[in-house]
Amino acid sequence: MWPALTEAECVTPGDKKATHFGSFDGDVLIGCASFHHISDKEMRIRRVAVLPQYRGHGIGSFLLKTALERMQLPHLEEIWLNARIPAQNFYKRLGFHTVGERFFEREVEEIRMIKKAMSV
């Protein structure tokens, strides 16, 4: 999903305990999203991606909507992510809203976005 990164650079702390979702075209992984369990009440979405040639066809929206429906846990209150600035509207359409100020992570401008779990 990230051709400019090595396999080791794609691994983040907590990946082994995260819940991962994927979209496939046959046996080819074309989209993915990882949900990191921060606590019983909080979850973070990391590593959302769709291969460039598959973007614009609703795959990312379908993937996240399906994953969010399946991630409804009894005590979960909030799901959050750090969104790249150009992706803000994508997440807003899924019910997320921005909080705080823009910041840079790995030289990419981002903003925190959250969604209350009951509205998933």
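## Exercises: salt bridges and a buried arginine

**Exercise 1. Find out how far apart the closest N and O atoms of R102 and E109 are, and say what the pair forms.**

Step 1. In this structure, R102 and E109 form a salt bridge, with their closest N and O atoms 3.6 Å apart. The cut-off to check against: a side-chain nitrogen of Lys or Arg within 4 Å of a carboxyl oxygen of Asp or Glu.

Step 2. Before going on, a word about the source: this is a predicted model, where local features need pLDDT of at least 70, side-chain atom pairs count only at pLDDT 80 or more, and totals for chains, interfaces and linings use all residues. Residues are numbered from 1 along each chain as its sequence is written, and side-chain values use heavy atoms, with hydrogens and water left out.

Step 3. Now look at the cover. R102 has a relative accessible area of 48% and E109 has 29%. Buried means under 20%, exposed over 50%, and partly exposed in between (1.4 Å probe, protein chains only). So R102 is partly exposed, and E109 counts as partly exposed too.

**Exercise 2. Work out which parts of the chain are linked by K41 and E77.**

Step 1. Get the layout first. The chain has two helices and six strands, in the order β-β-β-α-β-α-β-β. Helices (H or I, at least four residues) and strands (E, at least two) are DSSP runs, numbered from the N terminus.

Step 2. Check the pair: the K41 and E77 side chains meet in a salt bridge, at 3.7 Å from N to O.

Step 3. K41 sits in the loop between β2 (28–37) and β3 (42–50), while E77 sits in the loop between α1 (59–70) and β4 (78–84). They are 36 residues apart, so the pair links distant parts of the chain.

Step 4. K41 is partly exposed at 46% relative accessibility, and E77 is partly exposed at 43%.

**Exercise 3. Explain why the E78 and K116 pair ties together separate parts of the chain.**

Step 1. The side chains of E78 and K116 meet in a salt bridge, 3.1 Å from N to O.

Step 2. E78 lies in strand β4 and K116 in strand β6 (residues 108–116), so the pair ties together parts 38 residues apart in sequence.

Step 3. K116 has a relative accessible area of 41%, which makes it partly exposed.

Step 4. Tally up: the count comes to three salt bridges.

**Exercise 4. Decide whether R46 is buried, and find the nearest side chain of opposite charge.**

Step 1. Find R46 in strand β3.

Step 2. R46 is buried, yet has no salt bridge. The nearest side chain of opposite charge is E105, 4.6 Å away. (Lys and Arg count as positive, Asp and Glu as negative; His and the chain ends are not counted.)

Step 3. Who does R46 touch? Leaving out residues up to four places away in sequence, R46 touches T12, P13, A33, S34 and H36. Contact here means heavy atoms within 4.5 Å.

**Exercise 5. Describe where I38 sits and what I38 is in contact with.**

Step 1. I38 is in the loop between β2 and β3, and counts as partly exposed at 44% relative accessibility.

Step 2. Setting aside neighbours within four places in sequence, I38 is in contact with M43, R44 and W80.

Step 3. For one more distance, take A18: it is 20 residues from I38 along the chain, and their C-alpha atoms are separated by 9.5 Å.
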